Amino acid sequence: MTKPYAEVIGDPISHSKSPLIHGFWIEALGIEAEYRACHVTPEGLADYFAARRADPAWRGCNITIPHKQAALDLVEDRGGVRGTIGAINLAMRAEDGVLIGTNTDAGGFYAPIAELDLADAPIAVIGAGGAARAVLFALSRLGVGPVTIYNRNVLKAAALLAASGLKGQALPLGTKLPAAALLVNTSALGMVGQPALEVDLAPLPEDAVVYDIVYAPLETPLLKAARARDLETVDGLEMLVGQAALAFELLFDAAPPRERDDALRALLTA
């Protein structure tokens with residue numbers, strides 16, 4: 001009998017640390033399962049789901065750039081994700097065999113800032129893709145505001161902000177930052193193989209937090225600039241491990257050993 005497996009899909013996918021994270025937890029818990037990476041292009045996304053739907057050993061997949069919105073059309077949306085976040089980062093087989101989609105990015109993003117008092121605080125968000133949708137969803141539950149969202153396509157950013165129910169404005173990339181309590185980069189800028197994210201942090205107050213969801217490299221130019229100003233930072237591994245933990249429990253029906261996070265981080269940064 002084929003060993004149960006899950007995987008992460010994306011285009012590109014070679015940078016993904018998900019196999020390391022899930023593999024670490026599978027080994028630690030002694031689960032008979034595998035976790036893989038699978039390169040899936042936008043053109044091949046529908047065929048991918050058709051093939052996996054027919055594979056009884058497949059538990060599900062994490063979904064990364066650029067499929068978080070397109071995949072929503074290929075699975076059932078039983079949790080109403082389309083009307084809230086509007087993007088999924090996890091597809092899995094339900095008990096009745098149907099493929100369903102959900103989103104663990106919002107929870108993964110929220111965990112590292114759960115202790116911050118962000119009620120009515122000004123926020124700056126860079127990017128307007130699938131990850132930004134999850135971030136805005138989480139921020140909307142914290143009662144923040146106003147939110148300034150920066151993107152190349154300002155109309156797309158404005159529509160995303162309106163859909164989130166948050167007050168604020170959409171501006172072109174490169175526009176001066178507000179005196180935000182929290183700056184979040186949800187874009188791929190600064191990632192290996194992508195253009196650098198060029199932003200002047202001078203307008204941020206001394207107690208601001210800079211959060212970059214990019215994790216390859218872990219020390220992004222944005223975080224380096226923030227640390228040069230002695231600002232508090234949150235790196236991409238925080239959200240990555242947080243969303244993975246929620247996904248792991250859904251995929252393998254077991255809680256990951258979070259008490260071993262230090263060992264996991266050492267593995268991921270080796």
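Strand S1 (residues 5-10) pairs with S2 in the parallel sense over 6 bridges; two strands pair if DSSP finds at least two bridges between them. In this predicted model, local features need pLDDT of at least 70, side-chain atom pairs count only at pLDDT 80 or more, and totals for chains, interfaces and linings use all residues. Residues are numbered from 1 along each chain as its sequence is written, and side-chain values use heavy atoms, with hydrogens and water left out. Strands (E, at least two residues) and helices (H or I, at least four) are DSSP runs, numbered from the N terminus.

The open sheet has 5 strands in the order S2-S1-S3-S4-S5, with mixed pairing. Strand S2 (34-39) and strand S5 (99-102) are at the edges with a single partner strand each, so one side of each is left without a neighbour in the sheet. From one strand to the next, the twist averages 25°. Tyr5 stands opposite Glu34 in S2.

Helix H7 packs on the sheet, touching S1, S2, S3 (58-63), S4 (90-93) and S5, and its direction makes about 165° with that of S3. Axes are lines fitted to C-alpha atoms, for helices over the stretch in contact, and angles run from 0 to 180 degrees between N-to-C directions.

Asp235 lies in the loop between strand S11 (232-234) and helix H7 (236-252). Leaving aside neighbours within four places in sequence, its contacts (heavy atoms within 4.5 Å) include Tyr211, Leu218 and Arg265.

| Asp235 side chain to | Distance |
|---|---|
| Leu237 backbone nitrogen | 3.0 Å |
| Arg265 side chain | 3.0 Å |

Conventions: A polar contact is a pair of N or O atoms within 3.5 Å; within protein, one must be able to donate a hydrogen and the other to accept it, and residues adjacent in sequence count only if both atoms are side-chain atoms.
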